[in-house]
Amino acid sequence: MSKKIAIGGDHAGFDYKQQLVAFLEAEGYEVKDFGPFSDASVDYPDYVHPLCEAIEAGEFKQGIVVCGSGNGVAITANKHQGIRAAICWNKDLAALSRQHNDANVISIPARFVPYELAQEMVGTFLSTEFEGGRHANRVNKIACR
C-alpha cells in the first residue's frame, strides 16, 4: 500500500479535510493537501482537477475528495479518464468501491455523514484491495478512450 495520499475538496468539506489530514498523518501517510485552505466559498474544480492530474501522473495511487454532498467533487474527478471516484456514505460502499470497481478516489459527503464515519470509510477504502477477476474486465471497459 502506498503511504502517499492526495486530498482536496471545497469549503463545505474543509473541516473534515483538515481532520482527515491529521488522521492520515498520524497513520504514517504523506499527505498532499490540494486545498482549499479555509472554509471560504470556493469553486471545487480548482482543487479537484489538480488532485486528479497528480493521480493520473502517478504521483499518488489514491485520493480523497470532500464536499457537502460528495457529488460535485466526484463528478469533476470522474471527468478524468484515469480516475474512478466513488461517493461513499458507509463502510460497505467504501469497501465495494475498491473490491469491485478499483476506485482510486473516495468522495465523502460531509453534510450527510458524521466525521467518525468519514474517517472509518477512508480507513476501509485505503486498506481494501481490488479483487480483480471478473471485475477487472468491467473496470477495463469504464474509460471512454
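This report describes the fold, the surface and several local features of a predicted protein model.

## Overall fold

The protein chain contains six helices and five strands, and along the sequence these elements follow the order β-α-β-α-β-α-β-α-β-α-α.

Taken along the principal axes, the box filled by the C-alpha atoms is roughly 45 × 30 × 25 Å.

## Burial, surface and charge

Of the 145 residues in the protein chain, 48% count as buried. The accessible surface comes to about 7100 Å², and carbon and sulfur atoms contribute 48% of that area.

The protein chain carries 14 positive and 18 negative charges, and the mean position of the positive charges is 9 Å from that of the negative charges.

## Helix H4 and its packing

Helix H4 spans residues 91–99, and its buried residues are Ala 94, Ala 95, Ser 97 and Arg 98. Viewed down the axis of H4, these buried residues fall within an arc of 160°, so they line one face of the helix. Their packing partners are strand S4 (85–87), strand S5 (105–109) and helix H5 (115–127).

The loop between H4 and S5 holds Asp 102, a residue that has a positive phi of about 50° although it is not a glycine.

## Val 21 in helix H1

Val 21 belongs to helix H1, which covers residues 14–26. With a relative accessibility of 13%, Val 21 counts as buried, because the cut-off for that class is under 20%. When its neighbours within four places in sequence are left aside, Val 21 is in contact with Ile 7, Val 31 and Asp 33.

Glu 131, by comparison, is 110 residues from Val 21 in sequence, and the C-alpha atoms of the two residues are 27 Å apart in space.

Gly 35 and Pro 36 are joined by a cis peptide bond, for which omega is about 10°.

Key:
Residues numbered from 1 in each chain as written. Predicted model: local features only at pLDDT ≥ 70, side-chain atom pairs only at ≥ 80, totals over all residues. Heavy atoms only, no water. Helix = DSSP H or I, 4+ residues; strand = E, 2+ residues; numbered from the N terminus. Buried < 20%, exposed > 50% of the residue type's maximum accessible area, 1.4 Å probe, protein only. Areas by Shrake-Rupley, 256 points an atom, 1.4 Å probe, with all protein chains shown as cover. Lys, Arg positive; Asp, Glu negative; His and termini not counted. Charge placed at Lys NZ, Arg CZ, Asp CG, Glu CD. Arc of directions from axis to C-beta. Contact = heavy atoms within 4.5 Å.
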